[in-house]
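Please open the model in a viewer and keep the selection panel at hand. The stops below are meant to be followed in order.

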Amino acid sequence: MRQSDFRRLSLILLFAPFALWILLLIVLPHIGMGVLALREKVAPRVYEFGFGNFLEFMHEPIYWNTLIRTGSMSLLVTALALLIGFPIAYYIAKIAGPRSRGALFLVCLIPLWVSDLIRAFGWILLLRETGVISSALQAAGLIDAPVELLYNDATVVIGLVYTVILFMIVPLVSTLDGMDNAMIEAGYNLGGNGFTVLRRIIIPYAMPGIVAGCIIVFMLTAGSYLTPILLGGKYSSWFTETIYQQFITRYNWEGGAAFGFLLLAFTSAVVWIGLKLSRQTLAGTVAKS
Amino acid sequence: MLQRKQTWGFLLGYQAYVLAFFVFLAAPLVAAAAFAFNDSLFPALPWRGFTLDWFFNDSEPKLGMFHDRRLLRGLYYSFVIATGVALLSVFVGTCNAFLFVRREFPAKNFLYIVMVVPLVIPGVILGISILVLASSIANGLEEGYGIDLGFLRPGIFLVVLGQFSFIATITSLVITARLRKFDATMEEAALNLGASRLRVLATITLPYLRPAMIAAGIVAFLVSFENFNTTLFLVGSETPLTITMFDRMAKAGSTPVLNAISFFLIVGSGLLALVSVVVQRDRSGG
Amino acid sequence: MTASSEFDLECEAVSKSFGPVRAVDEVSVKIPSGSFFSILGPSGCGKTTLMRMIAGFEDPSSGDIRIKGRSVVDVPPNKRNVKMVFQHLALFPMMNVYENIAYGLRCNGVGKAEIGRRVTDVLERIALPDVGERQIHQLSGGQKQRIAIARCMVLDPDVLLLDEPLGALDLKLREAMKIELKLLQHQFNTTFVYITHDQSEALVMSDRVAVMNNGRFEQIGTPQELYHRPASAFVAGFVGDANRWSGRVVEVSNPHARIETSAGLSALCALGNGQKLRPGDRVEVFVRPEFIRAERLNGAPTPDGNGLTGTVDSLLFNGANSRVLVRSKNAELIEADVTLTGGADDLKPGEAVRLSWSPEQAKCFAAEAATA
């Protein structure tokens with residue numbers, strides 16, 4: 001009897017940190033944000049329950065244009081990160097020799113932990129009017145006047161791909177690493193060519209890693225703030241910037257909370273659709289990477 | 001013969017692509033770090049010679065980072081926050097690992113997914129939702145009871161909680177993965193040799209988990225150190241380094257002192273990341 | 001009440017149920033001090049559960065377990081003086097050999113000097129005096145085995161449990177370790193309880209063996225008793241090799257019975273221990289290959305005993321344990337031991353042979369309902 005009491009007590013003690021964390025830092029704050037988003041400001045310091053904050057979003061094209069722009073550019077970044085990152089991951093996991101494999105993976109891991117801010121700062125130094133590339137092109141005589149490579153959408157996309165691509169490569173490498181080389185050889189042995197082996201064997205096997213990478217990359221991109229602001233300038237029109245303006249500049253917390261809710265709902269919906277389409281689960285992908 | 005030539009060419013092209021990728025990966029970091037040593041007031045070409053002024057010079061206009069009081073204070077706050085977050089999330093991550101690997105309870109699989117979810121919530125949302133809840137509790141207490149709970153206002157405490165809210169998922173996943181590989185008969189063997197439950201935990205299970213706990217702690221420290229999105233909404237007057245740097249970049253324009261601190265952070269986080277990888281690799285066979 | 005310490009370990013009607021499954025069913029046994037006792041059974045027979053109950057990792061649903069005459073059912077596992085060598089040894093990889101062996105002593109609060117003395121002593125007794133500073137992963141399979149035993153023996157246990165510790169070793173090493181374990185047991189003079197599914201391990205090492213099936217002990221006896229006088233069809237089939245036929249009793253003339261097998265062979269068999277059979281009963285007949293004589297057919301009929309004729313299907317050469325596989329007229333395959341010298345006298349595939357065996361060496365048992 002004492003033994004079972006002890007086990008129950010220890011279960012409660014183990015469960016407490018988890019419950020406090022999820023309840024106080026995830027569940028309650030999101031409920032609070034939802035409640036705040038549903039408060040409508042009708043007069044100074046007078047509030048009413050209603051969908052006014054969401055209606056404002058619907059009536060103002062600039063808001064939902066920003067959200068759609070953020071979403072579609074994030075999808076583009078995710079796709080590019082997968083296209084560029086997959087061959088790299090495959091090289092590290094399957095082609096590189098055992099010794100260079102570890103070194104290459106390490107080289108990938110180290111920039112992962114360098115702040116977005118520093119990475120964006122580096123791009124600014126390279127791309128701005130007085131930056132390295134502009135100066136180098138001038139010195140080479142290829143252009144006559146300094147050229148501004150910052151503050152356009154292409155730069156924002158490149159910068160975002162750069163920021164998130166390692167989060168794509170790392171789960172892909174771990175998944176591909178667990179794949180038995182004999183499976184690929186068997187694929188060739190049974191008469192497959194490079195393309196069919198890739199499509200029928202490698203990609204299906206790597207699917208959990210691909211989905212995990214895509215989810216993380218999409219979420220990071222849609223939720224990113226620094227890279228679009230610094231590389232895209234004031235008019236980068238990123239939805240997180242809109243949220244920030246509502247909160248900090250206009251001090252409209254109700255509106256900001258509503259926008260935050262919209263961003264969360266939008267990104268969650270995209271992830272959910274992605275999981276359904278690829279027939280994967282959150283536990284089987286992100287949790288394993 | 002022809003086919004062999006083709007594969008050879010293909011491999012060469014492939015390697016060139018991989019090389020190009022790593023150049024792409026390194027370029028901005030090299031740029032950010034290199035200008036720290038340029039003897040110029042602006043982080044731009046042309047190269048005016050090597051200097052360490054941006055680290056050690058003690059007077060304007062070339063005030064080095066180790067004499068810049070605001071940057072140093074930012075570094076200090078970042079350090080305090082990251083240490084707090086790392087300790088807290090390793091503790092909770094270890095508890096979660098035991099909870100999800102060793103125990104059975106209702107809705108376990110569902111709660112495991114709940115544990116993963118914070119990682120896929122945009123950091124901005126975590127920041128504002130915690131800000132909203134903390135502020136409404138603080139406002140409610142102040143208006144209703146006249147109690148002012150300062151720690152619920154933006155500041156270090158909220159920053160730690162905000163970062164912890166998603167970093168705990170990372171540490172939980174790392175430590176859980178390690179505990180799953182643990183051979184539970186090792187605990188029975190220790191028990192059989194006469195050890196008490198507490199002693200088994202202290203001498204067998206925790207030493208086995210230690211590499212994962214250290215690695216998870218380092219990762220938590222680094223993620224906390226570089227975090228911006230969540231921190232932005234929760235920060236008070238004690239601004240951590242990333243926020244200080246961002247302000248400086250936006251307002252004063254960039255000076256090479258930012259390159260100096262970038263160099264410092266790149267090398268520091270690189271070394272720590274290296275340590276975390278080595279610690280985990282060393283014991284993974286055991 | 002047997003309070004004497006004549007028996008190191010006694011189980012009395014020990015049972016364990018997991019929900020509706022009865023893993024261990026009313027097992028009773030007394031193991032004399034200083035003997036090597038094996039529990040032999042197929043996987044899933046309940047032997048591991050029984051061992052875990054003795055070590056204290058599971059509580060019996062009913063029954064009593066006594067060590068040196070004292071009940072230990074309420075004693076937690078870390079207070080029982082029963083030590084265990086685990087299937088995969090469970091040596092602690094984060095400690096070196098010395099620390100592994102010293103672990104139990106430290107838990108018992110033994111002084112530092114005394115620990116050093118006893119660890120050195122036990123390392124000498126297992127003939128590995130210089131490995132104290134080695135890491136576990138630097139040891140060979142056989143060395144790990146001995147360290148795992150030393151880690152237990154240094155605590156001077158009343159009983160040492162061994163849970164199939166040889167399973168992970170390759171064949172040659174396993175053969176060598178069998179002998180070594182037996183010698184170690186003699187040297188320490190401690191009661192060893194050895195769990196295995198490998199009948200040759202049990203037969204070679206043990207003083208006594210219990211054959212376990214479906215949670216029960218089918219028979220307890222010396223290896224020779226089990227081999228030559230099996231108490232049930234299960235024991236006859238599980239211990240050693242045997243040709244096995246199912247058939248029906250034609251007539252009974254104690255201690256023999258005439259059996260007709262389902263393939264049509266008629267043979268005189270000895271009734272198995274305690275078997276009461278009547279004409280018409282379904283039975284199983286077991287004849288060991290070494291008791292079947294295979295002779296080239298040369299016209300002269302062998303009058304006495306059982307026999308049949310057939311052709312050699314193939315030779316199973318394995319040195320001293322070589323056999324022939326003979327296909328009888330009824331298309332049954334029968335194994336018989338032969339000596340293959342490599343000379344011209346050896347049997348060859350396709351030759352006609354006569355197989356014969358004495359009725360005493362053919363044991364028949366009532367067919368079991370469930371197990372085939």
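Select chain C: of its 372 residues, 39% count as buried, where a buried residue has 20 or more other C-beta atoms within 10 Å of its own, an exposed one has 12 or fewer, and a partly exposed one falls in between, with C-beta atoms placed from the backbone. This is a predicted model, in which local features need pLDDT of at least 70 and side-chain atom pairs count only at pLDDT 80 or more, whereas totals for chains, interfaces and linings use all residues. Residues are numbered from 1 along each chain as its sequence is written, while chains are lettered from A and ligands numbered from 1 in the order in which they are written.

Colour chain C by pLDDT, the predictor's confidence in each residue on a scale from 0 to 100. The mean for chain C is 86, and 95% of its residues reach 70 or more. Where pLDDT is low, the predicted coordinates should not be read in detail.

Switch to a cartoon view of chain C, which contains eight helices and 20 strands; helices (H or I, at least four residues) and strands (E, at least two) are DSSP runs, numbered from the N terminus. The C-alpha trace of chain C spans about 80 × 50 × 35 Å along its principal axes. Of the contacts in chain C with a separation of 6 or more, 67% are between residues 24 or more positions apart; two residues are in contact if their C-beta atoms, placed from the backbone, lie within 7 Å.

Move on to chain A, which has 13 helices and two strands. Buried residues make up 44% of its 289 residues. The C-alpha trace of chain A spans about 85 × 70 × 35 Å along its principal axes.

Show chains A and B together. Of the two pairs of chains in contact, chains A and B share the most contacts. Here 60 residues of chain A are in contact with 63 residues of chain B. Select helix α1 (residues 2-37) of chain A, which gives the most to this side of chain A, with 15 residues. The side of chain A that touches chain B divides into 46 nonpolar, 12 polar and two charged residues.

Finally, display chains A and C, which do not touch; their nearest C-alpha atoms are 10 Å apart. For the complex, the predictor gives an ipTM of 0.84 and a pTM of 0.83.

Technical notes: Nonpolar A, V, L, I, M, F, W, Y, C, P; charged D, E, K, R; others polar.
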